[in-house]
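Here are my notes on this model, point by point. Keep the structure open while you read.

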Amino acid sequence: MKRVPAPPEQQPDSFAFTPENLAVAKQHIAKYPPRRQASAVMPLLDLAQRQQQNWLPRAAMDAVADMLEMPRIRVYEVATFYTMYNLAPVGEHFVQVCTTTPCWLRGSEDVVGACKSKLGIDFGETTADGKFTLIEVECLGACVNAPMMQINDDYYEDLTAESASAVLEALAKGEKPKVGPQNGRRASEPAGGPTTLHAYTGDN
Amino acid sequence: MPTLTIDGQEITVEANTTVLQACEELGIEIPRFCYHDRLSIAGNCRMCLVEMEKSPKPIASCAMPVGEGMVIRTNSPIAEKARKGAMEFLLINHPLDCPICDQGGECDLQDQAVAYGRGASRFDEHKRAVKDKYLGPLIATTMTRCIHCTRCVRFATEIAGVEELGATFRGEETEIGTYIEEALTSELSGNLVDVCPVGALTNQAYAFSARPWELRKTESIDVHDAVGCNIRIDCRGTEVMRILPRLHEDINEEWLSDRSRYAVDGLALQRLDQPYVRVDGKLKPASWDAAFAAIQARLDAIGRNEAGAVKGERIAAIAGDMADVEAMLALKELFTALGSPNLDCRQDGAKIGGKHRGGYLFNSTIAGIEDADALLLVGCNPRWEATLVNARIRKRWLAGGFPIGVIGGVAGAGVDLTYKYDYLGAGPATLAEIAGGNHHFAKLLAAAERPMIVVGSGALARDDGAVLMDLARRVAQDTGMISADWNGFNVLHRAASRVGGLDIGFLPGEAGRDVAGILDGAGKGEIDLVWLLGADEIDMAALGQAFVVYQGHHGDAGAHRADVILPGAAYTEKDATWVNTEGRAQIGRRAAFPPGEAREDWTILRAFSAVIGQPLPYDNLQQLRQHMVAEVPSLGAIDAVAAGDMGAFGVAGGVGTEPFESPVGDYYLANAICRASAVMAECSRLFTGVGRAGGATGTDG
């Protein structure tokens, strides 16, 4: 889906790292040799995005470019190329549902349907209260626990329509739902419990 | 030196050559879009695929270095099929709107589609469309046509030195642009139109006005600055439609500055197309005879001396910045015949000229900048004064190991010249310090093998100019800039007429007045008649009560002040010689006729000389040229640079404290043609203060 940068009226006039983030930024820059500080552009953009309610205004890109002494257009190129940088404001909970083949085979369409009906929005939209933004993403690398979705930094896996709704419901109430598989299994262990090496798991 | 076989022919080439370059050496043409021999290699269009033996896939010849024993086939079925495939993919998202595209007829994609395109498209999916981008008033964009070759991005980054263009987003959504929708701050932006292989970037000023096959092409010389860029003037009928650069490796390579390219509309506006005579304070149209009679009457009114001749000391002539050598020679000889020593071709008052030609030339030559290994810029902002010299400095700087020192000419250390430099100081004191030899940059120059110094008019066009000249010469001599095979002493001129004028000695004769003296004399009533040959950049108010004859092509400052206007020809309308800042004589060709009753300038002077009974000894251009070459042999050596002799030019003395300022107030409004151009006015409005040394001028909108 084409990403559209926020219009000028939504863009803040300026951006500056908080003192804590500035210290982190300097740590990132210090990882690279002198005059190669531009290599730190991606972690710095991520840092800026985290500071700016999960989106990256142009002012932040400019601030990063100036900090790294690189032409601004080079930063715009990076920020627009990588889809994990959000160029427009997103909801407090940024819901990314995977619909790539393994998740799709395991029922991601149901999860998508549940999210859409629960939140009352389509892909690429934000709820009126600004709490949720829903988007469709390609594989997030958790195929063993398909289907899955990522909300901000957390993965919610082994979803069904019901469990996906429950996660969203909990978030809407301000609770912190359990992260990871939602069907009770631990990490990516076999769904019906271990089939081998029972001696080590203690549940024979 | 690897040897490889291309289409059955063996060739040995330098190591590091690419397969594509090796093919070109054999005269085999490889189709390409992204490859450009002056830009870095991108290898993203895939049009140059060729078959290489032992390679499972066709290779991109532009990016593949040659190897020993390679066997390349450029026209095998595999290569052919690969190119057809690449073309089909390129055309998937290309709109095929050739009938309404300005690139039509000179489009690489169009031409190559004839050779490699399919008759019909197999693609019936959604075709992408891209919103047009804003790149400033000079470039029209139709980004749907873009094939993402990134030539423009590489040009802006590498040659122009403004990193403002990029490829944003990814995959099918990739877009070329500035992302922030602001005009490119480059005075080389017009070249983006030339490097674009499709119709994505086209010439805004020329939009929808002509097709390339309708145009009559004339090879000529640019006069907007003293670089002497080689240009091609494209005309339809009598109208100049556009100006394009022409390849000259030693001057402009294949680039052209925006002023030279886009001031074209100024050639049709504000033109003087018939003689005028001031009657009762108002300029009235007149015939040539009446105009000449008015001048003659004025000459008679000045009175005669005891010998019965015109009082030569009471008349004067000033040549402007775009005057050709032929006209200046005719004017000089006319005034010499009238007994006047008051001649000057240095409107800005630069303290240069004299018998040592090396003292006013760009001796290192423009191409020679690439051989230099240290540079000191004194009182000049080459970006605005000689854009393509600046591009050459940047090219040398990019190659590395080229320290650049700057004294004045730019407003401060922060001015962007497209390369990094060491801002040493603002004025003469710094130059004196370097001449003293203890300055760190003096030591750096002395340690360099081929150092060079460039003195701009910011240092020369001032009262202590001659002293500064002496200082600069001493710096050159003391730091070993002048040797048998290298001359690092350079004067950077801004006016196309300047070196030619100095060569023919369009300078004050014995007891003659220079420009300041002429203006002073006119103000005091000691000069009764001033003949301005296209001179618009002097203080007209200072001319006082003098009778002013303005011979030129545009109704600018000079024409407003004039008492008689003699309409001349612009540079596109005459066969004439100009000498660039290197001392290279070049001939410009007439592309169109002057408008109305306007005439080529030397013929006007020849006609007037007959009216006053002192006819100049030439009746046609050939005779004039023969005479000119007999007077100054270097003018006969077209496109050649002879080493200028060095001597003890400049005078020792004390210097002022005023900082050097670049005399270019506004790059886009530097001469009468630009000031008549609406396109240049728009540029001036937009770019005011951008990288400019002198700040805003009174002409800014």
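1. First, the cysteines. A disulfide here is a pair of cysteine sulfur atoms within 2.5 Å. By that rule, the search over all chains of the structure turns up 0 disulfides. C103(A) is in none, and the nearest cysteine sulfur, in C98(A), sits 3.5 Å away. C103(A) is also buried, at 2% relative accessibility; buried means under 20% relative accessible area, exposed over 50%, and partly exposed in between, with a 1.4 Å probe and protein chains only.

2. What about C229(B), and which cysteine sulfur is closest to its own? The closest one belongs to C674(B), but at 13 Å it is too far for a bond. C229(B) counts as buried too, with 1% relative accessibility.

3. A word on ground rules. This is a predicted model, where local features need pLDDT of at least 70 and side-chain atom pairs count only at pLDDT 80 or more, while totals for chains, interfaces and linings use all residues. Residues are numbered from 1 along each chain as its sequence is written, chains are lettered from A and ligands numbered from 1 in the order written, and side-chain values use heavy atoms, leaving out hydrogens and water.

4. Now the interface. Chain A puts 16 residues in contact with 16 residues of chain B, contact being heavy atoms within 4.5 Å. The buried area between the two chains is about 1,300 Å², with 58% from carbon and sulfur atoms; that area is the accessible area (1.4 Å probe) that two parts lose on being put together, summed over both.

5. The rule finds 1 salt bridge across this interface, meaning a side-chain nitrogen of Lys or Arg within 4 Å of a carboxyl oxygen of Asp or Glu. The partners are R74(A) and E163(B), whose closest N and O atoms are 2.3 Å apart. On the chain A side, α3 (58-67) and α4 (72-81) are the elements that give two or more residues; helices (H or I, at least four residues) and strands (E, at least two) are DSSP runs, numbered from the N terminus. The largest share, 6 residues, comes from α4(A).

6. Last, some backbone spots to look at. A cis peptide bond, omega about -10°, joins A146(A) and P147(A), and P147(A) is in the loop between β3 (132-137) and β4 (149-151) of chain A. R46(B), not a glycine, has a positive phi of about 65° and is partly exposed at 39% relative accessibility. D280(B) has a positive phi near 50° and is exposed at 76%.
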